[in-house]
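Let us walk through this structure together. Keep the sequence at hand and find each residue as it comes up.

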Amino acid sequence: CWANQTIALGCDQFRNPVNGLYTAQDLSGTPLPRAADWTINLGFDYEFALSPKYNMTISSSNNYTSKYKNALSKGRPAGDNYQKAAFKADLTLAVSSADELWEVALVGKNIGDKLTAAVCSQSTFANGAVLGGTITGGVAPGIAGIAETSCASDPGREIWLRLTVKPLNAFRD
């Protein structure tokens with residue numbers, strides 16, 4: 001059970017004989033975290049000659065993920081244990097030598113700056129984790145209130161300049 005989860009919110013399994021509070025929830029049928037119904041990946045690379053000595057490559061990698069649970073729990077208020085559907089796009093523009101000895105690329109990751117939850121958990125961060133006031137598995141929550149959801153996010157927009165050197169390509173057939 002998450003901190004201050006009540007019996008009505010699903011913390012109704014494995015009663016502790018010492019204090020009479022429940023310690024677990026039945027997650028049967030609950031989707032696993034990050035198990036979206038739909039994940040679609042689509043991308044392309046287009047390479048062409050700028051001149052006899054230089055090539056250019058334009059690349060795109062796109063990802064759509066439908067709504068998914070971001071924490072293994074049930075009974076959360078307002079569905080705060082779900083990540084909304086998201087679309088992310090990566091773009092790359094690269095110039096290389098025709099003999100592939102070097103490449104310089106400008107890489108844009110998540111160019112729309114869509115922040116999504118990577119891993120989440122629930123705890124009474126406001127005061128319950130430090131000052132107490134949590135009652136989990138009872139009829140009513142403790143004075144710390146309903147546990148908040150805290151998430152680590154996937155990276156936002158990133159812009160990279162990449163230099164690749166392949167000196168051994170000079171010895172190819």
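**Charges, rings and bridges**

The charged end of Arg-76 sits over the ring of Trp-2, 4.2 Å from the ring's centre. A charge counts as over a ring if NZ of Lys or CZ of Arg is within 6 Å of the ring centre and within 35 degrees of the ring normal. Lys-67 also lies over a ring face, that of Tyr-82, at 4.6 Å from the ring centre.

A word on the source. This is a predicted model, where local features need pLDDT of at least 70, side-chain atom pairs count only at pLDDT 80 or more, and totals for chains, interfaces and linings use all residues. Residues are numbered from 1 along each chain as its sequence is written, and side-chain values use heavy atoms, with hydrogens and water left out.

The whole structure holds two aromatic pairs. One of them joins Tyr-46 and Phe-48, with 5.3 Å from centre to centre and 35° between the planes, so the pair is tilted. Rings of Phe, Tyr and Trp (its six-membered ring) pair if their centres lie within 6.5 Å; planes under 30 degrees apart count as stacked, over 60 as edge-to-face and the rest as tilted. Phe-48 is partly exposed, because its relative accessibility is 26%. Buried means under 20% relative accessible area, exposed over 50%, and partly exposed in between (1.4 Å probe, protein chains only).

Next come the disulfides, pairs of cysteine sulfur atoms within 2.5 Å. How many does a search of the whole structure find? There are two. Cys-1 and Cys-11 form one, their sulfur atoms 2.0 Å apart. Both cysteines lie in the segment before strand 1, so the bond ties together parts that are ten residues apart in sequence. Strands (E, at least two residues) are DSSP runs, numbered from the N terminus. Is Cys-11 buried or exposed? Cys-11 is buried, because its relative accessible area is 0%.

Another disulfide joins Cys-120 to Cys-151, also with 2.0 Å from S to S. This pair links distant parts of the chain: Cys-120 is in strand 9 (residues 117-123) and Cys-151 in strand 10 (residues 148-153), 31 residues apart. The torsion about the S-S bond is about 110°, so this disulfide is right-handed.

Last, check the backbone. Most residues other than glycine have a negative phi. Phe-14 is not a glycine, yet has a positive phi of about 55°. Phe-14 lies in strand 1 (residues 13-15). Its relative accessible area is 64%, so Phe-14 is exposed.

Note on methods
Helices (H or I, at least four residues) and strands (E, at least two) are DSSP runs, numbered from the N terminus.
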